[in-house]
Amino acid sequence: MVNDMKDLSVELCGVKLDNPVIPASGTFGFGREHNEFYDINILGSISIKGTTREARFGNPTPRIAECRSGLINSVGLQNPGVDAVVAEELPHLRSIFHKPIIANVSGFSIDEYVECCQKMDSAEQVAIIEVNVSCPNVHNGGMSFGTQPEMAAEVTRAVKAVTHKPVFIKLSPNVTDIVAIARACEEAGADGICLINTLLGMRIDTMRRRAVIANKMGGLSGPAVFPVAVRMVYQVSKACNIPVMGCGGVESASDVIEMMMAGATAVQVGAANLKNPYACKEIIESLPTEMDRLGITSLRDIIGIVE
Amino acid sequence: MYKRAKYTIRENTPLTTSVYRMCLEGDTQWITRPGQFVNIELDGLYLRRPISICDWDENSITLIYKVVGRGTEQMSRMTQGEVLDVLTGLGNGFNPDVECQKVLLVGGGVGVPPLYRLAKELLGRGRSVSVVLGFGSKAELFYEEEFRALGADVYVSTVDGSAGVKGFVTDAICEGNISFDYFYACGPLPMLKALSQSCEQSGELSFEERMGCGFGACMGCSCKTLTGNKRICKEGPVMRKEEILW
């Protein structure tokens with residue numbers, strides 16, 4: 001049995017995970033839909049749908065455009081608001097998923113980030129808070145906090161001042177110097193970095209001569225962005241002394257191992273969950289075989305092994 | 001409840017120059033209502049393609065689709081024996097158990113297929129069923145005879161007047177002086193809107209939208225309704241007339 005000899009467990013800021021595979025925020029809702037396909041307790045953890053202070057409908061439709069090796073989305077942080085998430089979604093999630101979760105939080109002001117993080121910090125099943133300063137689909141918020149080192153640091157400091165749980169800052173790849181932003185977050189007290197969010201992209205319907213997406217632009221994800229994610233995980237993990245969660249285009253056990261060799265302690269799977277609802281389960285189940293093929297006994301041994 | 005399953009293509013034949021019928025063989029236990037859809041994985045395309053279910057029995061599904069882009073074009077070239085990876089039993093579907101006597105079914109173009117199974121179910125429940133099928137021209141017309149064979153009263157409209165009443169489905173409803181106390185519709189948005197506004201009766205309408213996943217996870221296809229935000233793929237694609245925000 002290959003499985004018995006392989007150690008898939010990892011640790012993120014003291015939070016022990018059975019394996020490093022985590023569905024990325026926005027591709028897994030609050031677990032309800034995927035739990036109809038398989039028992040989601042196989043997952044390392046779950047990063048829940050991005051939550052804001054107020055309920056949001058998000059952007060007008062169409063919000064989805066297909067691309068070669070991926071898709072563009074412009075959902076725009078649709079969610080029922082932090083109070084409804086804490087009161088309704090988290091208890092339901094606890095009834096179907098019996099492990100600690102990652103709360104993904106977004107905002108349009110420092111105050112909003114602070115309030116959402118405080119509320120998530122008090123929720124027992126939340127182990128890690130993931131602060132999204134990188135949503136490309138909202139104006140006057142989201143990504144604008146994550147494209148300048150000073151702003152990212154300010155959000156980090158404000159959030160860290162009111163929370164007790166580990167705080168990961170989720171960064172945007174739509175920047176010229178990812179290392180400067182990651183370092184600014186680390187210096188401001190971040191416990192970890194999650195990257196990458198989607199790459200700003202656009203598709204045009206050439207028959208109708210207009211953008212496919214109502215908002216014109218949106219975030220590109222899927223295998224198309226994987227090499228960008230590996231590169232940024234590598235750069236940031238080399239430059240910082242805090243753990244990195246890698247995210248972007250991961251589709252297979254081989255991709256998970258590549259991301260970990262680049263420096264990721266845990267790996268998020270996003271777009272793949274939409275195309276193949278069993279993606280995370282299949283990745284986790286094939287990790288031991290892939291580890292065996294590559295002569296890996298424990299996944300912890302390969303984190304950041306690439307020089 | 002929805003599930004992923006493998007299906008083998010048993011038939012893939014053109015009904016018109018751009019509309020095809022594909023019959024798939026496989027387990028259909030997850031399909032519970034007319035108006036539900038499947039989401040089909042296609043080689044080389046990242047997103048699956050949502051297609052409404054025209055009919056099904058214990059071990060086969062009939063789909064009717066129009067070639068409108070790369071995905072459906074690729075489907076049209078597939079042959080008997082090929083195997084498809086399909087998410088099945090998606091969406092809420094029409095409710096055939098609404099209390100009424102005379103029902104009207106209105107389909108526009110490729111909105112027609114899901115009404116076929118619905119007509120069967122309604123006739124099986126003893127309802128009197130009128131069907132209005134709207135197309136651009138006679139060349140695009142399909143399934144008129146199939147609906148007649150079920151025992152429905154069938155009316156046709158074409159925009160150019162080459163078959164049936166010249167004009168839109170609403171013209172055919174007026175001209176046919178069709179009486180009904182509940183309606184079901186599937187077709188292009190302008191048709192649904194015109195129909196909803198011209199009918200005093202209550203009814204159900206099936207909508208479409210670009211989807212990411214097709215099973216409710218990505219929130220890509222959300223819409224606002226009078227009863228809150230809904231996902232076209234999950235709480236839809238069928239909405240009650242009274243809850244729609246036009």
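The model is predicted.

Chain B contains five helices and 15 strands. Its radius of gyration is 17 Å, close to the 18 Å given by the globule rule for 246 residues, so chain B is as compact as a globular protein of that length. Along the principal axes, its C-alpha atoms fill a box of roughly 45 × 40 × 30 Å. Buried residues make up 48% of the 246 in chain B. Of the contacts in chain B with a separation of 6 or more, 61% join residues 24 or more positions apart.

The contact between the chains draws 27 residues from chain A and 23 residues from chain B. On the side of chain A, two or more residues come from each of helix H2 (32-35), strand E4 (64-67), strand E5 (70-73) and helix H9 (272-275). By class, this side has eleven nonpolar, eleven polar and five charged residues.

Within chain A, helix H4 (residues 110-122) packs against helix H5 (residues 149-160). Their axes come within 9 Å and cross at roughly 35°. The crossing is right-handed. A:Ile110, A:Tyr113, A:Val114 and A:Cys117 of H4(A) meet A:Glu154, A:Val155, A:Ala158 and A:Val159 of H5(A). Seven of these residues are nonpolar, none is polar and one is charged.

The largest nonpolar core has 172 residues. A:Val131, A:Ile169, A:Ile193 and B:Val131 have the most contacts inside it. Leaving aside residues up to four places away in sequence, A:Val131 touches residues including A:Tyr113 and A:Cys117, as well as A:Val155 and A:Val159.

Terms used:
Residues are numbered from 1 along each chain as its sequence is written. Chains are lettered from A and ligands numbered from 1 in the order in which they are written. This is a predicted model: local features need pLDDT of at least 70, side-chain atom pairs count only at pLDDT 80 or more; totals for chains, interfaces and linings use all residues. Axes are lines fitted to C-alpha atoms, for helices over the stretch in contact, and angles run from 0 to 180 degrees between N-to-C directions. Helices (H or I, at least four residues) and strands (E, at least two) are DSSP runs, numbered from the N terminus. A crossing is left-handed if the near helix is turned anticlockwise from the far one by less than a right angle, and right-handed if clockwise. Two residues are in contact if their C-beta atoms, placed from the backbone, lie within 7 Å. Ala, Val, Leu, Ile, Met, Phe, Trp, Tyr, Cys and Pro count as nonpolar, Asp, Glu, Lys and Arg as charged, and the others, Gly among them, as polar. A nonpolar core is a set of buried Ala, Val, Leu, Ile, Met, Phe, Trp, Tyr and Cys residues joined through C-beta atoms within 7 Å. A residue is buried if 20 or more other C-beta atoms lie within 10 Å of its own, exposed if 12 or fewer, and partly exposed in between; C-beta atoms are placed from the backbone. The radius of gyration is taken over C-alpha atoms; the globule rule is 2.2 Å times the number of residues to the power 0.38.
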